[in-house]
Amino acid sequence: MTSYPWSSALVTGASSGIGEAMVRLLAEAGVPTVVVARRADRLEALAAELPGVEVLVADLATEDGVALVAARLSETGRPIELLVNNAGFGNSGLVAELDPGRLAAEVRVNVLALTTLSAVAARVMVERGRGWILNVSSVAGFQAGPGSTTYAATKAFVTSFTEGLHEELRGTFVRVTALCPGFTRTEFQQVANATGTTDRVPSLAWMSAEAVAATGLADVVKGRTLSIPGLAYKATVATSSLLPRALVRRLTGLMLQRDASH
C-alpha cells in the first residue's frame with residue numbers, strides 16, 4: 001500500500017477520470033478526502049464505496065461554487081493538506097464556430113477556479129507551514145492547439161501559473177506541482193466532442209487514469225515542479241521545446257486540416 005505524507009485531501013473534478021482515480025488511491029492509503037464535482041450522484045456513490053470520503057457538490061463554473069470550495073479550504077478546524085485542482089473540460093472545434101458561452105465556461109473552470117483555489121490554499125498552507133498543491137494541466141499546454149485552441153491556452157496558463165507559484169513558495173514547506181498528462185482514457189473526449197479525432201490516436205499513446213494519478217501524487221510528494229507521465233510524453237515535451245514555435249504551430253494546424261478532411 002502506498003503511503004502519503006498528508007493527512008487530508010481535497011480533489012476537484014472527483015466524479016470521474018483522473019480525479020476519481022486519485023480519490024481511490026487516497027482512500028487506499030487511508031487519507032480522508034473531500035470530493036468536489038457537480039454530479040452529486042457520482043460523489044455519493046464514491047462516499048458509499050470508499051472510507052473517509054466527504055462530499056461537496058459545487059459547480060466551479062460559478063462564483064458560488066468556487067466560494068463554497070474556498071470556504072472548505074479555509075476551515076482551520078478541518079485543515080486540508082493536499083489540494084488537487086483537477087476539475088476542467090475542453091471544447092473541440094474551430095473557435096469561430098463554437099459557442100462563446102461554453103468557451104467562457106471553459107476558462108472559468110480551467111483558469112479562474114484553479115487560480116482562486118490555489119491562492120486560498122497557498123495562503124492557509126503557508127500560515128500552517130505545511131501543504132501540497134497539485135494542479136492538473138496537460139502536455140497540450142506546451143504548444144498552441146488549433147482545433148482545441150482554448151483548451152491548450154488554458155493549460156498553458158495552468159502550467160505557467162503553477163511553475164511561478166512553485167518558485168514563490170520555495171522554502172515555505174508548501175510544494176506545488178503541475179501534472180501534465182497526454183492522452184488519458186477518461187470521459188474528457190466525449191465532453192469535448194473529440195471522439196472522432198481521438199479514434200485515430202494509436203493505442204500505445206493512451207495512458208490509464210490510474211497511472212496518471214499515481215504519477216502525479218508521487219511527483220508532488222517529491223516536490224517536482226512538473227510531472228509528465230510516460231516516457232513518450234516526456235520526450236514529446238522536450239522535443240517540442242527545441243523546435244521553432246511557428247513550426248510546431250503549423251504542424252498542429254496541418255493535422256487539424258487532415259482530420260477535418262476525413
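This is a predicted model: local features need pLDDT of at least 70, side-chain atom pairs count only at pLDDT 80 or more; totals for chains, interfaces and linings use all residues.
**Ground rules.** I number residues from 1 along each chain as its sequence is written. Local features need pLDDT of at least 70 and side-chain atom pairs 80 or more, while totals for chains, interfaces and linings use all residues, and side-chain values use heavy atoms, with hydrogens and water left out. Helices are DSSP runs (H or I, at least four residues), numbered from the N terminus.

I checked the length of α4, residues 100–128. Its 29 residues at 1.5 Å each should span 42 Å, and the end C-alpha atoms are 41 Å apart, so the two agree. The expected span is 1.5 Å times one less than the number of residues. I then found a bend of about 35° at Arg 108, taken as the angle between axes fitted to the seven residues ending there and the seven starting there.

At the start, a side-chain oxygen of Asp 99 lies within 3.1 Å of the backbone nitrogen of Gly 101. Just after the helix, Gly 129 has a positive phi of about 75°.

I looked up α3 (residues 63–73), whose axis comes within 9 Å of that of α4 and crosses it at roughly 15°. Axes are lines fitted to C-alpha atoms over the stretch in contact, and angles run from 0 to 180 degrees between N-to-C directions. The two helices are therefore roughly parallel (angles under 35 degrees). Residues that meet (heavy atoms within 4.5 Å) include Val 66 and Leu 73 in α3 and Ala 113 and Val 124 in α4.

The axes of α4 and α5 (residues 149–168) come within 9 Å and cross at roughly 10°. That makes α4 roughly parallel to α5. Among the residues in contact are Leu 103 and Leu 114 of α4, with Tyr 151 and Phe 161 of α5.

I found the axes of α1 (residues 17–28) and α8 (residues 209–222) within 8 Å, crossing at roughly 65°. The contact includes Gly 17 and Leu 25 of α1, and Ala 209 and Leu 217 of α8.

Key: A polar contact is a pair of N or O atoms within 3.5 Å; within protein, one must be able to donate a hydrogen and the other to accept it, and residues adjacent in sequence count only if both atoms are side-chain atoms. Angles under 35 degrees count as roughly parallel, over 145 as roughly antiparallel, 65 to 115 as roughly perpendicular and the rest as oblique.
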